[in-house]
Amino acid sequence: MSILEIKNLNLSFHSQDKDYQALYNVNLSLEKGEMLALVGESGCGKTITAMSVLRLLPPNAKITSGEIIYKNNNLLTISPKNMTKIRGKEIALVPQDPMTSLNPLYTIGSQLTEIIETHQNLRGEEALKKAREVLEQVKIPNAKERLKAYPHEFSGGMRQRVIIAMAIACNSEIIIADEPTTALDVTVQAQIMELLKDIQKEYQTSFLFISHDFGLVYEAADKAAVMYAGHIVEKSTSKELFYNPKHPYTKALIKALPNFNTTKLDSIEGQPPSVKDNFKGCPFEPRCKERMDICSEIRPQLIKINDSYVSCHLWN
Ligand code: SF4
């Protein structure tokens, strides 16, 4: 049984007296101990989908229909008090910029022990010991001394490790990692991804991993869903998506990856539509090299092809 299920999620933004739909019937399921990636260009709806799970939406965003089921509870209808208990403890967030989650005025030790005292029922020395242990688990050297340091005394990669340590300290069941390595250089990026994979294996933690980088998704994720203009356009195992992509957008994303055999980089022509754009047919139609007459008229539905799902008229 899935640990998290997003069912028919629809979301709109309200702006200047109008509602603009940003998510269209998003369906995803995350299994225990699995890493599910959401991949796509900036603004395609990946982050807003993840923030819907945490119920951390901007004031002008409104979920118009759908369910988010976690342990038999619909997270969209439980009380704010119960949601606060789940958020941060059972479902943790590793953001792109760790400074948005760390308080610059407090030491890493005081921030970690506060979380441990709140969620683990440990106090004083015991909480401090646990804080040191989790810092060691995320491979921060000299953990005892580093507990006394402030966030600005850590590098970007080390700050990201601290955030991951907070999730371990809470025994989080699900970690939402929102572009966790985007701000880091390539070597540190690889180390952080390795750490996330280690945690997935050791604690059977489930990950919702958000990325615009198909190469990373291929390396790290078990399953992946490709998003475009608020729609899931294809989902499957990450290996199947990479080696046997079906949707023209997935194919274009893979073609745009850097390749050792050529210095030429492919790009996807045009821009993704804005949330304010109206489209009757396929949202990818203006950029699609395989478009047909039907594509601008009728929006394709997500259909099952073997173990994959794809929404494209080429497959109907
Ligand atoms: Fe391209 Fe048509 Fe498929 Fe959309 S439905 S991706 S426009 S072929």
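Guide: Start with the open sheet of 8 strands. Its order is β6-β7-β8-β3-β9-β10-β12-β11, and the pairing is mixed. Strands here are DSSP runs of E, at least two residues long, and helices are runs of H or I, at least four residues long; both are numbered from the N terminus. Two strands pair if DSSP finds at least two bridges between them. β6 (91-94) and β11 (303-305) stand at the edges with a single partner strand each, so one side of each lacks a neighbour in the sheet. From one strand to the next, the twist averages 20 degrees. Angles run from 0 to 180 degrees between N-to-C directions, with axes fitted as lines to C-alpha atoms, for helices over the stretch in contact.

This is a predicted model: local features need pLDDT of at least 70, side-chain atom pairs count only at pLDDT 80 or more, and totals for chains, interfaces and linings use all residues. Residues are numbered from 1 along each chain as its sequence is written, and side-chain values use heavy atoms, without hydrogens and water.

Now look at β10 (residues 231-237). It runs antiparallel to β12 (residues 308-310), and 2 bridges join them. K235 stands opposite Y309 in β12. Helix α10 (residues 248-255) lies across β9 (223-228) and β10. Its direction is at about 105 degrees to β9. Contact means heavy atoms within 4.5 Å.

Next, the ligand. Around it are 13 residues, of which C282, C288, C295, C312 and H313 come nearest. A residue is near a molecule or strand if one of its heavy atoms lies within 4 Å of it. The shell divides into 8 nonpolar, 2 polar and 3 charged residues. Here Ala, Val, Leu, Ile, Met, Phe, Trp, Tyr, Cys and Pro count as nonpolar, Asp, Glu, Lys and Arg as charged, and the others, Gly among them, as polar.
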